[in-house]
Amino acid sequence: QPTPPPSSILQEPETENILQPLPIAFRRYDAFASSPEQTANLDAARSKTMLEALQIMAGADSDISTIVQPTDAFGLLVVYGAQNAGRGVRYTAVVVDGNAQIVRSTAQDSLELVVKELRNEIERAWIATNLMRIRQPIGNNMRLSLSLRSDEEPRTRGMQVTRKRLRVGERVAFEITPSHDGYLTLLNIDSRGGVTLLYPNEQMQTNRSGFVKGGEILSLPGEGYSYPVQEPVGKECVKGFLTPNPLRGLAATLQEASAEGKTRPIAIMRGLGNELDRTIGVKATAPASPSESGKPTWDWSGFKSKNWAEAVLVFTTSE
């Protein structure tokens, strides 16, 4: 299994509120083989073609991802290779995160499908990583507790689930406790990079503004109810915000961004930044002209208020 990167891609808390591209590294799977038998079916020529296709995909949008060496700090490591399989060829890719955890594994007869799946994973990881960089100011007394609970296992009933890997079919619920009155927003980033507004949502019959009272425990999807863990499997992230005013335009932003194709992740983060700027004073707008590096500088650090809180929950689903 690949070793962790030499250092974290996340910066120190004082400077981490910056949108950054995700460093992507590539290694052919024979670099990790312990015996000749494990590489007997390796097709070197097709593996080279596979690498070229993956690098073109990862380098297509420098705001989302950048290619680095496997020895550098990476956000994702893609272990790839093409194997001869009977009369055809099998393209395999395993995606490992910066903590040396496998977050996606795929094997397809079609290289195009593999590239598409990995593009989804890069977008998911980029959004999730940068959402985690949005941190409330040091010294802020407001807090937002976000936990995952399971209905399936008696030993965890009514208790926080400490494990972070869930299986398809298991039923789970979220429990949220705000320290102060405010407006709650919960975003779910699924394993395909899709972003869903969990709370508040259009199915809610009451409290569509998302107002919550400090100290009261909120259960989602509702007291006595739970969500079934469903496919697609992979790594997921839930990000919560407690703000003094509701993020009213976020639902429309997510809907509009879903139709923007390859610019969808940028559109989502730009829209979220505009909403946070309106409510708590977080600047997240790219300047009109690029920085000296040639890339826009996205800055989340211009806080005007300490009257808000955030929380994040990361977990992995599997079959």
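Two strands are taken to pair if DSSP finds at least two bridges between them; helices (H or I, at least four residues) and strands (E, at least two) are DSSP runs, numbered from the N terminus. The structure is a predicted model, in which local features need pLDDT of at least 70 and side-chain atom pairs count only at pLDDT 80 or more, whereas totals for chains, interfaces and linings use all residues. Residues are numbered from 1 along each chain as its sequence is written, and side-chain values use heavy atoms, with hydrogens and water left out.

Strands β4 (residues 76-85) and β5 (residues 88-97) run antiparallel and are joined by 10 bridges, with Leu 76 opposite Asp 97 of β5. The two strands form a hairpin with 2 residues between them, and Gly 86 in the turn has a positive phi of about 65°. Strand β5 is also joined to β6 (residues 102-108) by 6 bridges, again in antiparallel orientation; here Val 94 stands opposite Ser 105. In this second hairpin 4 residues lie between the strands, and Ala 100 adopts a positive phi near 65°.

Nonpolar cores were defined as sets of buried Ala, Val, Leu, Ile, Met, Phe, Trp, Tyr and Cys residues joined through side-chain atoms within 4.5 Å, buried meaning under 20% relative accessible area (1.4 Å probe, protein chains only). The largest such core has 49 residues, and Leu 54, Val 78 and Leu 272 have the most contacts inside it. Helix α2 (residues 111-132) supplies the largest share, 10 residues. Beyond its neighbours within four places in sequence, Val 78 is in contact with residues including Phe 26, Leu 54, Val 94 and Leu 118, contact meaning heavy atoms within 4.5 Å. A second, separate core of 21 residues includes Val 172, Val 238, Ala 311 and Leu 313.

Definitions and conventions:
Buried means under 20% relative accessible area, exposed over 50%, partly exposed in between (1.4 Å probe, protein chains only).
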